[in-house]
Amino acid sequence: MSRVLVGVKRVIDYAVKVRVKPDHSGVVTDGVKHSMNPFCEIAVEEAVKLKEKKLFKEVVAVSCGPAQATETIRTALAMGCDRGIHVEVTGKDYESLGPLQVSKIFAALAKKEEASLVILGKQAIDDDCNQTGQMTAALLDWPQGTFASEVEIEGDKVKVVREIDGGLETIKINMPAVVTADLRLNTPRYATLPNIMKAKKKKIANMKPADLGVDIVSRLEVLRVDEPPTRLAGVKVETVDDLVAKLKESGTI
Amino acid sequence: CGCKSFSSLAELPEMHQMMRQTCRDYADRELAPIAGKLDKEHLFPAQQVHELGSMGVMAVEVPEELGGAGMDYLAYALAVEEISRGCGSTGCVVSVNNSLYIGPILKFGTQEQKEQWITPFTTGEKVGCFALSEPGNGSDAGAASTSARQEGDEWVLNGTKAWITNSWDASAVVVFASTDKSLKHKGISAFLVPMPHPGLSLGKKEDKLGIRATSTANIILDDCRIPLGNMLGSPGAGFKIAMQTLDSGRIGIASQALGIAQAALDCAADYAHKRTAFGAPIGKLQAVQFKLADMAVAVESARLLTWKAAMLKDAKKPFTKEAAMAKLAASEAATFCSHQSIQVLGGMGYVTDMPAERHYRDARITEIYEGTSEIQRLVIAGQLLKENAP
């Protein structure tokens with residue numbers, strides 16, 4: 001018990017200019033810089049902070065993907081996670097891997113590892129799905145505190161301050177629970193050199209989805225990927241009447 | 001985690017890649033945005049040095065038991081390059097603390113000296129400096145006139161040291177002084193002096209062309225008394241200690257120069273995409289392309305030389321020639337790249353709105369300190385001729 005599971009996703013680095021493949025089947029990933037999803041970094045930081053406050057004994061970092069996913073796990077270890085689990089998914093399976101399959105994997109691992117808390121980033125910056133945390137909680141029938149900007153453990157409950165459209169909502173949920181991290185939850189630490197050295201010795205277990213009894217066949221098929229339309233120049237008008245006339249003209253109102 | 005063969009330089013080991021990334025992230029987010037201000041206001045980056053200390057960057061090679069990161073020299077070279085890419089001055093502070101101050105104590109100090117003079121300097125709270133040059137001699141290090149005489153259970157130091165980087169911000173200095181001038185360079189010994197200390201005073205801060213966030217000044221020793229236990233290494237070993245320290249320090253300065261060169265190249269390449277002339281981005285013009293290509297080759301070749309020197313040092317093989325080659329190549333790459341970077345930027349390269357002019361000013365010192373380019377050429381030729389002797 002007293003274990004936190006953190007999900008980390010390897011995504012194309014936020015600073016890279018993403019290009020669509022010529023066959024429109026997806027985006028170019030070969031030779032492109034990848035790094036840990038920024039919201040996953042925030043999730044790792046929160047998990048490590050909770051452990052440093054002695055509220056949990058162990059933080060386990062999990063990533064689903066090909067061999068390179070271990071780089072992302074290693075970064076999580078260098079930030080202070082204790083050990084890692086690499087769930088290997090490659091090739092076409094990886095291309096079609098989405099929130100539903102990943103949530104099934106996390107749900108299985110949360111049970112297997114007897115985790116009290118699962119912390120994930122609120123969404124990944126490549127697909128912007130914002131689904132995995134919610135689906136994982138539903139599959140486990142656990143409470144969820146999503147878009148967390150504050151997390152506090154109070155006995156066997158978690159107090160989560162959520163960033164919602166109307167402002168901030170504070171909820172208290174029983175553990176075991178799923179929390180997803182939003183931008184203002186914390187500022188992730190830089191991996192220190194001694195921790196990078198320590199990370200070398202930490203274990204990363206390797207397994208396949210089948211080992212967890214999870215079927216990762218996708219129910220979705222991506223038909224086509226396109227670049228967003230190029231932004232056209234706008235038109236300036238002098239008066240409000242002109243504006244209304246133009247909007248009527250374009251059929252917008 | 002060291003590289004064992006040259007072919008593995010094609011891809012750095014995972015740990016080195018990770019530490020390079022963490023240093024790059026820090027430099028991009030914390031140093032690059034303030035580098036202009038640090039330069040303009042001659043501000044020592046105390047907070048950043050503290051943060052780098054807590055990351056282990058101020059003592060990369062120091063073993064963990066002494067408070068360091070316990071990594072190798074290749075990791076150190078990578079760290080200095082990435083930090084310098086964000087801020088050339090901060091890279092200099094990191095390099096001086098690691099190579100010139102901690103370096104000789106780690107190599108020649110007693111266990112007690114290491115605990116006293118290294119451990120407090122690993123956290124970024126304190127930095128050290130290195131005092132070899134004097135107003136009367138720079139390249140001619142053997143002609144040191146600063147003296148040390150024994151009086152009872154103390155050494156008494158007298159003399160002036162010049163061009164000491166970090167001096168105004170340091171808490172300790174490794175000073176080279178002669179106990180017997182008749183022995184010429186064999187009479188020089190190394191001493192550890194805390195700062196501040198009675199009998200040690202600082203000259204005015206030099207108003208430098210570049211690396212302006214670092215303090216550079218004379219250190220004046222006027223009957224400065226230190227315990228006998230403050231001698232570093234054996235009597236008369238000072239010159240050897242200085243030369244060996246500079247050998248390693250060269251890899252640090254090469255790395256600093258690489259960081260500045262890369263920053264200048266990145267600046268020019270980015271501008272080439274954005275600036276249009278004659279109806280197209282200037283990156284389409286061959287004149288600009290040729291400059292960028294020449295810059296890239298200069299940086300990459302100097303980088304490989306630097307990594308090779310670091311790897312040889314880590315493998316405990318002779319690396320004097322390679323370190324000198326690295327420092328020579330990298331410093332000339334830094335001045336070349338920063339010069340061409342301004343040229344690519346045109347008028348924008350001449351104003352402080354863009355960092356190109358700062359890279360140009362920061363680069364210049366790398367051809368001078370820790371052994372001028374001319375001295376490097378002498379070192380390289382000396383090694384070459386030794387290898388080729390009939």
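How far apart do the end C-alpha atoms of residues 24-216 of chain A lie, and what percentage of the span is helix and strand?

## The annotated span of chain A

In this predicted model, the end C-alpha atoms of residues 24-216 of chain A lie 24 Å apart.

## Strand pairing around β7(A)

Strand β7 of chain A covers residues 144-154. It runs parallel to strand β10 (residues 177-181) of chain A, with 3 bridges joining the two. In this pairing, A:A148 has A:A181 of β10(A) as its bridge partner.

β7(A) also pairs with strand β8 (residues 157-164) of chain A. These two run antiparallel and share 6 bridges. Here A:E150 stands opposite A:V161. β7(A) and β8(A) form a hairpin, with 2 residues between the strands. In the turn, A:G155 has a positive phi of about 70 degrees.

## A helix pair in chain B

Helix α6 (residues 238-274) and helix α7 (residues 286-314) belong to chain B. Their axes come within 9 Å and cross at roughly 155 degrees. Angles over 145 degrees count as roughly antiparallel, so α6(B) and α7(B) are roughly antiparallel to each other. Their crossing is left-handed.

Which residues of α6(B) and α7(B) meet? On α6(B) they include B:S248, B:I251, B:L258, B:Q262 and B:L265. On α7(B) they include B:V288, B:L292, B:M295, B:R303 and B:K313. By class, the contact has 17 nonpolar, 4 polar and 2 charged residues.

How values were computed
Residues numbered from 1 in each chain as written. Chains lettered and ligands numbered in written order. Predicted model: local features only at pLDDT ≥ 70, side-chain atom pairs only at ≥ 80, totals over all residues. Heavy atoms only, no water. Helix = DSSP H or I, 4+ residues; strand = E, 2+ residues; numbered from the N terminus. Axes fitted to C-alpha atoms, helices over the stretch in contact; angles between N-to-C directions. Parallel < 35°, antiparallel > 145°, perpendicular 65-115°, else oblique. Left-handed = near helix turned anticlockwise from the far one by under 90°. Contact = heavy atoms within 4.5 Å. Nonpolar A, V, L, I, M, F, W, Y, C, P; charged D, E, K, R; others polar. Pairing = 2+ DSSP bridges.
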